[in-house]
Amino acid sequence: MGLILRGGTVVTALETYRADVRNDGEQIGMIAQHIEPTAADQVIDVTGKYLLPGGIDAHTHFDLPFGDMSTADDFESGSRSAVMGGTTTVIDFATQFRGETLTKALENWHDKARGKSYCDYGFHMAISEWKQGMTAQMEELVRKSGVTSFKLYMAYKGSMQVDDGVLFDVLRKSSEMGALVCLHCENGDVVNLLVQEAKAQGKAAPSTHPLTRPPAVEEEAVARAIALANMAKAPLYIVHLSTRGALETAERARQQGACVYIETCPQYLLLDDRRYEGESFESAKYVISPPLRSPEHGEALWEGIRRGAVDTIATDHCSFNYQGQKELGRNDFSKIPNGMPGVEHRLGLLYSAGVVPGKISLNQFVSLTATRPAQLFGIFPRKGTIAVGSDADIVLWDPQATKVISKVNHHCHVDYEPYEGFSQTGLPVHVFLRGRQIVRDGKLLDAAPGGRYLFRKPLK
Ligand code: URP
Ligand code: ZN
Ligand code: ZN
């Protein structure tokens with residue numbers, strides 16, 4: 001039996017057109033102006049709705065340990081929140097902690113996700129400790145385990161930060177294997193010094209956090225990373241880019257032939273550093289790295305998106321409760337666990353603030369949220385588009401529907417909502433994962449999570 005979605009408007013990164021779409025099993029079997037149903041077919045009238053490819057969030061941290069606790073969202077709550085917002089694939093960061101092999105880290109993340117994810121999922125491998133023998137493990141991950149991207153941090157001194165030698169070596173090896181390096185760009189040594197100085201001056205409030213991570217800290221790291229990637233002849237994916245200067249540096253490098261991909265996140269487009277004003281501990285909710293910036297940076301990022309300079313919009317969903325988790329830093333801002341939630345509202349926020357006011361087109365919206373992440377991370381055209389043969393990951397998007405975002409209606413496990421009170425126009429009404437309907441009329445249907453691990457392809 002097939003399922004025909006009748007009368008909707010298909011949106012891809014390149015086209016917008018009226019068509020009927022038939023899901024045959026897990027894939028899209030047919031797209032045509034009119035599909036005549038057989039007796040066995042089910043038909044759903046979707047007139048007035050957009051058919052979008054399921055969203056792909058290439059930057060989440062579900063079930064990430066921090067000290068002796070973990071993020072508020074594990075794979076179950078994080079992925080539930082994702083599908084309720086129209087995201088059907090996440091690429092999470094399997095993380096190698098010091099003393100672990102990459103192979104062990106991957107096993108750990110499989111154990112966290114197996115049987116618990118409502119959406120399909122892949123893993124990048126975040127490397128915190130690099131030893132020569134690890135090249136063979138990298139090879140194995142790329143060739144046999146479907147992990148075709150590696151993440152390195154230029155910040156978080158003493159835990160995840162790697163030095164330039166490691167960065168250069170991993171860039172070189174990744175490039176040889178056709179893997180992509182994702183990079184957190186902030187100069188961790190400078191951040192560390194500024195943090196120690198601020199603490200010595202008795203500054204303890206979360207409002208100090210952005211002062212220890214000014215834009216130049218990111219901009220220097222972006223420039224250095226691009227120089228190293230050029231030397232290594234490697235492509236580079238910059239995660240959560242947040243400043244005008246970093247964007248300009250990356251674009252200039254591209255014009256000179258560098259292969260640099262740029263990700264930004266809704267928080268850098270829609271929130272700003274006024275959230276840190278005053279001495280209230282409420283600001284801890286927005287302690288993320290890089291920090292929220294002044295509004296001119298957000299404007300520059302929007303402008304960059306409009307002219308096509310930004311490749312992807314991900315969320316960096318890394319959720320810690322305000323009560324009991326962020327509170328660890330009540331007397332010391334540097335102890336506040338970094339990160340905030342966002343996986344549920346990525347499509348809605350970008351549609352409301354980007355498509356509705358005409359800042360970006362519908363096709364750009366699809367490209368940023370689904371097609372480009374699928375292409376860069378080795379799952380296109382299986383994911384990221386609506387085409388015959390692609391997985392039937394389809395979001396029925398009602399462009400007229402509205403809601404007010406709030407912690408009382410979100411589906412993640414976090415006790416606050418950074419976008420509290422934001423109006424959203426455009427909502428996912430039905431969501432299909434590989435042909436199976438998992439959200440109907442905005443309600444989760446599945447009791448049991450049915451997401452699968454995605455083996456991804458290398459770039460070459
Ligand atoms: O503050 C953030 N972004 N936390 C998550 C880890 C990271 O840096 O991506
Ligand atoms: Zn980061
Ligand atoms: Zn992150």
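What follows is a set of stops, each with something to select.

**Whole chain.** Start with the cartoon, and keep in mind that this is a predicted model. The chain holds 11 helices and 19 strands. Its radius of gyration is 21 Å, close to the 23 Å that the globule rule gives for 460 residues, so the chain is as compact as a globular protein of that length. Switch to the C-alpha trace and you'll see a span of about 75 × 50 × 40 Å along the principal axes. Color by burial next: buried residues make up 56% of the 460. As for contacts with a separation of 6 or more, 76% come from residues 24 or more positions apart.

**The sheet.** Now pick out the open sheet of 8 strands, which pair in parallel in the order β6-β9-β10-β11-β12-β13-β14-β15. At its edges sit β6 (55-60) and β15 (312-313), each pairing on one side only.

**Inside the sheet.** Zoom in on residues 87-95 and 120-126: these are β9 and β10, joined in the parallel sense over 7 bridges. Which residue stands opposite Phe93 in β10? Select His124 and you have it.

Definitions and conventions. Residues numbered from 1 in each chain as written. Chains lettered and ligands numbered in written order. Predicted model: local features only at pLDDT ≥ 70, side-chain atom pairs only at ≥ 80, totals over all residues. Helix = DSSP H or I, 4+ residues; strand = E, 2+ residues; numbered from the N terminus. Rg over C-alpha atoms; globule rule 2.2 N^0.38 Å. Buried ≥ 20, exposed ≤ 12 C-beta atoms within 10 Å, placed from the backbone. Contact = placed C-beta atoms within 7 Å. Pairing = 2+ DSSP bridges.
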